[in-house]
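Take a look at the sequence and structure first, and then we can go through some helices, cores and single residues together.

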Amino acid sequence: FELSTKTVLSRGAKPYGLTSLRPGQAEQDPSVWVENGRDAMREAISNLKDSDVARIKAIGVSGQQHGLVVLDSEGKVVRPCKLWCDTESSAEAEELSQDLGFTLGPAFTATKVMWLQRNEPENWSKTRRVLLPKDYFNYWLTGEVNTEASDSSGTGYYDAAARRWDEKALDCINLPADYLPALVGPSEALGSVRKEVAAEIGLPDGVLVSPGGGDNAMSALAAGATSNGVMVLSLGTSGTLFGYSSDPVADQTGTICPFADCTGAYLPLVCTLNCTEVPEDVRAMCRDEVTREELTAMAEAEPAGCRGLTYIPYLRGERTPNLPSASGALIGLRHGFLGNPGLMYRAALEGVTYSLLAGAMRMRALGVSDLTELRVVGGGARNKLWCQIVAGAFGVPVALVEEEETAALGAALQAAAVGSGVDDVAGFVAANGPAAGEPIEPNSAEAAAYADAIERHATLSESIWGPALPKKTTSIRLDKIFG
């Protein structure tokens with residue numbers, strides 16, 4: 001990323017998989033991150049002119065959150081990393097939630113620490129350092145062991161409001177505080193790339209390494225969510241809604257994750273399990289006879305609210321609301337509906353959107369500032385009809401973020417801030433980040449139809465699966481949540 005032109009000059013990528021040999025297991029060897037990360041950086045650097053390589057001042061790392069990396073007294077990896085999607089610690093999550101008084105899912109690092117202690121005591125006895133994935137990569141880059149708030153807030157043993165490790169949580173999981181890395185601020189450099197690593201990659205000497213951050217926090221930087229009211233909606237395999245908040249958010253139910261961001265503020269986040277797979281499931285029924293573009297055009301011809309058809313999209317159970325045993329449902333079917341792929345496709349798009357909107361309602365109920373604009377990222381963001389549905393349902397303008405690798409771009413922007421020596425990362429990113437696309441405005445003529453469909457979706461979901469959110473949140477949405 002070149003600061004002066006606000007453009008990406010070069011990029012590199014290397015795919016890698018994970019180990020899943022038993023139900024619930026999802027692991028990766030940290031050496032794979034180093035090997036592939038090194039190759040990806042080499043690829044990006046090889047596409048630059050020598051004069052551009054010489055101008056590289058700083059780099060930043062965005063990482064998957066929650067993963068448990070354990071090192072021994074010599075700094076060597078004890079065992080493969082248990083990833084965020086590893087669910088073998090589900091029993092520990094239930095137990096820890098009761099002990100702490102708030103809900104933690106098995107994704108959180110604290111539950112994985114408990115699992116390791118109970119299931120692999122020999123490995124735990126060797127452990128002297130507990131890191132997160134991006135912190136291990138930064139350790140390889142710099143030789144320094146540090147972390148920062150955005151990633152730490154996904155561990156379950158970090159107090160985001162107080163900006164320190166949570167002593168009660170550490171006691172509950174018998175994790176010594178001296179096993180944890182030092183915490184650094186959002187504008188601090190961790191150090192410089194080690195000379196031997198710089199030579200391997202092709203970097204000049206003295207390149208600074210910024211603190212890095214969790215992938216969602218980095219995406220927020222790239223999307224320009226650096227002030228109250230601007231949030232990011234990620235439409236991928238899972239759906240994620242998150243954004244800047246000047247105040248911490250505490251949700252005892254675990255519906256809203258109380259994350260910190262990469263600027264010194266906070267990043268409340270809600271995640272749904274069912275997103276792009278839901279409309280793709282409808283497309284699969286067409287047996288490749290209709291393209292995605294043709295199906296979207298057919299759906300665009302259908303009215304907002306889908307003529308009373310409601311799609312509850314819990315095809316894989318659901319995380320938000322917390323209904324792991326739920327399934328999907330179609331309610332309001334009439335003659336000819338099942339033979340209308342455009343209507344079914346639009347119902348799927350609307351159903352996923354309303355589920356994510358419920359998360360926004362929950363955020364507002366907990367005191368998050370009024371939403372004024374959405375920045376949309378992910379594969380689903382390429383569907384203009386879906387963006388128009390989001391604008392109509394949320395009642396705010398929607399802008400597409402052109403860069404697909406938003407987490408990587410956010411890391412580059414953070415590195416630019418650190419390399420420039422500024423203290424105000426949020427202000428720097430707001431001034432220097434790439435502009436979002438032209439906003440899609442809500443269609444006021446469809447407002448009543450969306451309001452009816454949203455209330456119908458919430459009512460039917462609750463009648464089938466039980467209450468998920470406080471009463472009256474739907475009526476609050478229309479006149480108070482979004483200003």
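This is a predicted model: local features need pLDDT of at least 70, side-chain atom pairs count only at pLDDT 80 or more; totals for chains, interfaces and linings use all residues.

**Helix α10 and its partner**

- Helix α10 is mostly covered, with eight of its nine residues buried. Those buried residues are Asn216, Ala217, Met218, Ser219, Ala220, Leu221, Ala222 and Ala223.
- Helix α10 (residues 215-223) packs with helix α15 (residues 406-420) at an angle of about 75 degrees, and their axes are 7 Å apart. Angles of 65 to 115 degrees count as roughly perpendicular, so α10 is roughly perpendicular to α15.
- On the α10 side, the contact is made by Asp215, Met218, Ser219, Leu221 and Ala222. On the α15 side, Thr406, Ala407, Leu409, Gly410, Ala411, Leu413 and Gln414 take part.
- Sorted by class, the contact of α10 with α15 has seven nonpolar, four polar and one charged residues.

**Helix α6**

- Helix α6 (residues 133-142) is also mostly covered: nine of its 10 residues are buried.
- The buried residues of α6 include Lys134 and Asp135, along with Tyr136, Phe137, Trp140 and Leu141.
- Just after α6 sits Gly143, with a positive phi of about 80 degrees.

**Helices α3 and α4**

- Helix α3 (residues 90-100) and helix α4 (residues 109-119) pack at an angle of about 120 degrees, with 9 Å between their axes. Their crossing is right-handed.
- From α3, the residues Glu92, Ala93, Glu95 and Leu96 meet Ala110, Thr111, Met114, Trp115, Arg118 and Asn119 of α4.
- By class, this contact of α3 with α4 has five nonpolar, two polar and three charged residues.

**Nonpolar cores**

- In soluble globular proteins, nonpolar side chains tend to be buried together.
- Which members of the largest nonpolar core touch the most other members? Of its 54 residues, they are Leu96, Trp124, Val130, Tyr157, Ile173, Leu175 and Leu180.
- Not counting residues up to four places away in sequence, Leu175 touches Trp124, Val130, Tyr157, Leu170 and Leu180.
- Another core, of 50 residues, lies apart from the largest one, and its members include Leu233, Leu349, Leu356 and Phe394.

- Ser461 lies in helix α17 (residues 447-465). Ser461 counts as buried because its relative accessibility is 7%. Leaving aside neighbours within four places in sequence, Ser461 is in contact with Ile312, Tyr314 and Gly466.
- Trp84 is found in the loop between β5 (81-82) and α3. Is Trp84 buried, exposed or partly exposed? With 44% relative accessibility, Trp84 counts as partly exposed.
- Not counting residues up to four places away in sequence, Trp84 touches Gln64, Gln65, His66, Gly67, Ala107 and Lys112. The C-alpha atoms of Trp84 and Ala169 are separated by 19 Å, and the two residues are 85 residues apart along the chain.
- Gly367 belongs to the loop between α13 (341-365) and β20 (373-377). Its relative accessible area is 52%, so Gly367 is exposed. Gly367 and Glu188 are 30 Å apart in space, C-alpha to C-alpha, and 179 residues apart in sequence.

Technical notes
Residues are numbered from 1 along each chain as its sequence is written. Side-chain values use heavy atoms; hydrogens and water are left out. Axes are lines fitted to C-alpha atoms, for helices over the stretch in contact, and angles run from 0 to 180 degrees between N-to-C directions. Helices (H or I, at least four residues) and strands (E, at least two) are DSSP runs, numbered from the N terminus. Angles under 35 degrees count as roughly parallel, over 145 as roughly antiparallel, 65 to 115 as roughly perpendicular and the rest as oblique. Contact means heavy atoms within 4.5 Å. Ala, Val, Leu, Ile, Met, Phe, Trp, Tyr, Cys and Pro count as nonpolar, Asp, Glu, Lys and Arg as charged, and the others, Gly among them, as polar. A nonpolar core is a set of buried Ala, Val, Leu, Ile, Met, Phe, Trp, Tyr and Cys residues joined through side-chain atoms within 4.5 Å. Buried means under 20% relative accessible area, exposed over 50%, partly exposed in between (1.4 Å probe, protein chains only). A crossing is left-handed if the near helix is turned anticlockwise from the far one by less than a right angle, and right-handed if clockwise.
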